[in-house]
Each structure stands twice: as C-alpha cells, then as structure tokens.
Amino acid sequence: MADLCANHLQSCTSIADLGGGTGYFTRLMLQQMQPPPERCACVDPYLAQDDEVEGGIHFLKIDAVEYLEKLDTKVDGFLLKEMLHHIPNQPRLFQNLARLFKQNGGGRALIVTRPDNPHLVWFPRIAQVFKDSCVDIESARHLAEKAGLNWTQTLHDFPLEFTVDEWSQLLRGRFWSIFKEFSDEELEEGIEYMRKQNSDKAVLHFPDRYWLIDIT
C-alpha cells in the first residue's frame, strides 16, 4: 500500500497527509519516494502537540478542511487515507482542493478507502455496521466532479492470511473503531459465528480491498 501511494504522489514536491494520525503511514510512504518531496506535513485534529517537526514531517493539529482553507504555502499533493468518511462537509473539501489546484497550476489528491463490501471474514451484523459507515463513493465522485475535479478510481486487493485463532484475537482487539458498536458479549457471539462458518479451515485467506481514487 505505501508503495502504491508513493507512486501516485511521486511527482508532487510538497505533500500533506490529511488525517494522518501519528504519521506512521506517512513515514512508510516517504521511505518509498525517491527522491522524497521537498516538504511533508501530517495533518490531524487529534494530535497531542501542534506545530512540531519530527523526521522531516511537519505535524499540524488542525482539521483537514480548515487546513486547506488556511493553507498559504504551495502544497501540490494530498493523501486522504481511510478518512473521507470522517469529513462531514465533503463539498467544502473538494471545493478547496479544486481552488488550490487552480491556484497552484495543478495538483493531485489520492483518496484511499475501503468499499462497502471489503470481503473480510467476519459476521453479518458487523458487516452491516461497516457498510453503513462507509463512504458513498458515487456521491463523493459527484461532489468532486461538480467542483471541477477529475476522478479516476481503481480497486486493489492485498492478500491476507491468518489462522482462525489469530483472526479471532484481532477481532477481540477491536482493531477498527466500528467495533465500539458491540458489547463484549455481542463480539464474542459474532466471533463464535465466524468460527463455526469456517470450522473446516485451519487458515483463512481473504483480500484486504481498497479503492485508490486519483483526484486532479
């Protein structure tokens, strides 16, 4: 994944990872970029500290849309990885990207998001909760194109392999925020359902599926 994102944004001289959290993925992506961009920012409203530089990354504690509206330096590459569903005002997001691209004579944004049916091995109720929380791709495309942006999307599968016990432990660890919707008892019931459905398998094989959406 990091190499794919790096390839999409390689031509950019200054990059901002919007909703980049701790910057873990930002660092992985930068390691794949040769040469690296001249500047890189990690933008997230939940950072512990604001306006810090670490490992060549400028960490900024600010909302993504507010950052775009206040941006007064040239940034021509933006990464939005698994965060579009957290943006309540998507029209403002795309309008600001279009404005900045026009102002800078070009630019590129890469949206990375899962489809509403990612083909993971879990249980029906969590599949529905996940689907309800996903980005409406067609609606987002309409908003981007209405703002004057070009939209190109490709679907990518990343093969996963876990034993049933390993996958059960990951589910118990609530590795996604959507698991907060379930009590411990509900989660255990779901895991037991998943185990029964796969009782004939020692190892689970399934894809981690993502849309990569190139915005110009």
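A crossing of two helices is left-handed if the near helix is turned anticlockwise from the far one by less than a right angle, and right-handed if clockwise. The model examined here is predicted: local features need pLDDT of at least 70, side-chain atom pairs count only at pLDDT 80 or more, and totals for chains, interfaces and linings use all residues. Residues are numbered from 1 along each chain as its sequence is written, and side-chain values use heavy atoms, with hydrogens and water left out.

Helices α1 (residues 2-9) and α2 (residues 24-31) pack at an angle of about 65 degrees. Their axes, lines fitted to C-alpha atoms over the stretch in contact, lie 8 Å apart. That angle makes α1 roughly perpendicular to α2 (65 to 115 degrees). The crossing of α1 and α2 is right-handed. Contact means heavy atoms within 4.5 Å. On α1, the contact is made by A2, C5, A6 and L9; on α2, by F25, L28 and M29. By class, this contact has 7 nonpolar, no polar and no charged residues.

A nonpolar core is a set of buried Ala, Val, Leu, Ile, Met, Phe, Trp, Tyr and Cys residues joined through side-chain atoms within 4.5 Å; buried means under 20% relative accessible area (1.4 Å probe, protein chains only). The largest such core has 34 residues. Those with the most contacts inside it are L18, Y67, F78 and F94. Elements giving two or more residues to this core include β1 (14-18), α4 (90-104) and β8 (203-215). Helix α4 gives the most, with 6 residues. A second, separate core has 21 residues, among them L9, I15, L47 and V112.

Terms used:
Axes fitted to C-alpha atoms, helices over the stretch in contact; angles between N-to-C directions. Helix = DSSP H or I, 4+ residues; strand = E, 2+ residues; numbered from the N terminus. Parallel < 35°, antiparallel > 145°, perpendicular 65-115°, else oblique. Nonpolar A, V, L, I, M, F, W, Y, C, P; charged D, E, K, R; others polar. Buried < 20%, exposed > 50% of the residue type's maximum accessible area, 1.4 Å probe, protein only.
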